Amino acid sequence: MYVYCIIDESGRRKLGFTDDVDKRLPELQTGNAEKLKIEYRLEVKNMRRAETSLHHLFAADIIRMDGEWYKIKDLVLLKKVFRKEQTTEREEKLLERLGFR
């Protein structure tokens, strides 16, 4: 079970969850004129909870572009969610409570 961040060529990002990120990418690519790539993936225990937390975490920071595609302004925070080595102890505890760890 994973939460993921997929990015297109213009910098729009999709935050979501799936059992198989590599299978999800071509599903999203269908009908999308821009090339997509997996920017981040994170294995989680509860993917629905983690995905909901992602959307809440970035609620004040994102600009909805098209449906579920966003411009995310705080790329440092996005990176911290998906890359454990760059978080403080306090941030790590918060991410754990949100279901990312």
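This note goes through a predicted model, taking its cores, a hairpin and its salt bridges in turn.

1. The largest nonpolar core has 18 residues, and those that touch the most other members are Val-3, Leu-54, Leu-78, Phe-82 and Phe-100. Several elements each supply at least two residues of this core, namely strand 1 (2-8), strand 3 (36-43), helix 2 (47-57), strand 5 (69-72) and helix 3 (75-82). Apart from this core lies another, of 7 residues, which includes Tyr-4, Ile-6, Leu-36 and Trp-69. As background, nonpolar side chains in soluble globular proteins tend to be buried together.

2. If neighbours within four places in sequence are left aside, the contacts of Phe-100 include Val-3, Leu-42, Ala-50, Leu-54, Leu-57, Val-81 and Leu-95.

3. Helix 3 has Leu-78, Lys-80, Val-81 and Phe-82 as its buried residues, and a student may note that a lysine is in this list. The buried residues of helix 3 pack against strand 1, strand 2 (13-18), strand 3, helix 2, strand 5 and helix 4 (89-97).

4. Tyr-2 belongs to strand 1 and counts as partly exposed, because its relative accessibility is 23%. With neighbours within four places in sequence left aside, Tyr-2 is in contact with residues including Gly-16, Phe-17, Thr-18, Val-21, Leu-42 and Met-47. The C-alpha atoms of Tyr-2 and Glu-51 are separated by 8.9 Å, although these residues are 49 residues apart along the chain.

5. Strand 4 (residues 62-66) and strand 5 run antiparallel and are joined by 4 bridges, with Ile-62 standing opposite Ile-72 of strand 5. The hairpin that these strands form has 2 residues between the strands, and Gly-67 takes a positive phi near 60° there.

6. The structure holds 4 salt bridges. In one of them, Glu-39 pairs with Arg-13, and the closest N and O atoms are 2.7 Å apart. Glu-39 lies in strand 3 and Arg-13 in strand 2, so this pair ties together parts that are 26 residues apart in sequence. Arg-13 is buried, with a relative accessible area of 9%, whereas Glu-39 counts as partly exposed at 23% relative accessibility.

7. Asp-22 and Arg-41 also meet in a salt bridge, at 3.2 Å from N to O. This pair links distant parts of the chain, as Asp-22 is in helix 1 (residues 21-29) and Arg-41 in strand 3, 19 residues apart. Arg-24 forms a salt bridge with Glu-27, with the closest N and O atoms 3.4 Å apart, and these two residues are separated by about one helical turn because they are 3 residues apart in helix 1.

Conventions
Residues are numbered from 1 along each chain as its sequence is written. This is a predicted model: local features need pLDDT of at least 70, side-chain atom pairs count only at pLDDT 80 or more; totals for chains, interfaces and linings use all residues. Side-chain values use heavy atoms; hydrogens and water are left out. A nonpolar core is a set of buried Ala, Val, Leu, Ile, Met, Phe, Trp, Tyr and Cys residues joined through side-chain atoms within 4.5 Å. Buried means under 20% relative accessible area, exposed over 50%, partly exposed in between (1.4 Å probe, protein chains only). Contact means heavy atoms within 4.5 Å. Two strands pair if DSSP finds at least two bridges between them. A salt bridge is a side-chain nitrogen of Lys or Arg within 4 Å of a carboxyl oxygen of Asp or Glu.
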